[in-house]
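Good morning, and thank you for the time. I would ask you to look at the model on the screen while I go through its packing.

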Amino acid sequence: MSTAEDRPLSGAEMIRQFLPLSPYVTYLGIQLTTMERDLATLTLPFREPMVTIGTVVHGGAIASLIDTAAMVAAWSGAEQQAKLRGSTVGLTVSYLAPAQQEDIIATARVLRRGRSLVYLDVEVSGASGNPVARGLVTYKLG
C-alpha cells in the first residue's frame, strides 16, 4: 500500500516545490500568482536591473517570464512523475508594446497536450492592463 509520503508528486506539486528554489527564477524575482490545470499566471515585479534603456523592461526579461509561465502551465496538468525533467524546445515571442517601469504579468494556457510535448500560448501585459507581448511555446515533459 502506498502512503501519501511515498507516492510520486503530481506535476503541480513538483512545480510548487521547484519554482522557489530555481536560482534564475529567484534572481529575476518571478512570482507564481495562480496555477490550475493547464493554466498559470506569473508576475515579474519591476526592478531597475530589468531596464534596457530609460524605463523600458528588457525583452530578455519578458522572454524569460514567458518561458517560465509556459513551464509552470505545462507541469500544472502533468501526471505524477518520478522526477522533474523537462525543457523548452520552441519559443517564439512577439513584442507588442514596451513595458514601462511596471510589473508585468504572464498568463500561460495549454493549447494541446501530447504524450510528451505541450503546446502553449502566453499572453503578457503590464500591471496597467496594456498588452506587452505574446508567446508560443513548445515544452517537453520527461
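Let me begin with L28, which touches L44, R47, M50 and S64, leaving out residues up to four places away in sequence; contact here means heavy atoms within 4.5 Å. This is a predicted model, in which local features need pLDDT of at least 70 and side-chain atom pairs count only at pLDDT 80 or more, while totals for chains, interfaces and linings use all residues. Residues are numbered from 1 along each chain as its sequence is written, and side-chain values use heavy atoms, with hydrogens and water left out.

L28 lies in helix 2; helices (H or I, at least four residues) and strands (E, at least two) are DSSP runs, numbered from the N terminus. At 5% relative accessibility, L28 counts as buried, a term that means under 20% relative accessible area, with exposed over 50% and partly exposed in between (1.4 Å probe, protein chains only).

Turning to the chain as a whole, there are three helices and eight strands, in the order α-α-β-β-β-β-α-β-β-β-β along the sequence. Of its 142 residues, 41% count as buried.

How do helix 1 and helix 3 pack? Helix 1 (residues 11–18) meets helix 3 (residues 59–76) at an angle of about 145°, and their axes are 7 Å apart. Axes are lines fitted to C-alpha atoms, for helices over the stretch in contact, and angles run from 0 to 180 degrees between N-to-C directions. Helix 1 contributes G11, A12, I15 and F18 to the contact, and helix 3 contributes M71, V72, W75 and S76.

Finally, the core. The largest nonpolar core has 40 residues, and L120, V122 and V124 have the most contacts inside it. Such a core is a set of buried Ala, Val, Leu, Ile, Met, Phe, Trp, Tyr and Cys residues joined through side-chain atoms within 4.5 Å. Helix 3 gives the largest share of this core, 11 residues. Beyond its neighbours within four places in sequence, L120 is in contact with residues including A70, A73, A74, L111 and V137.
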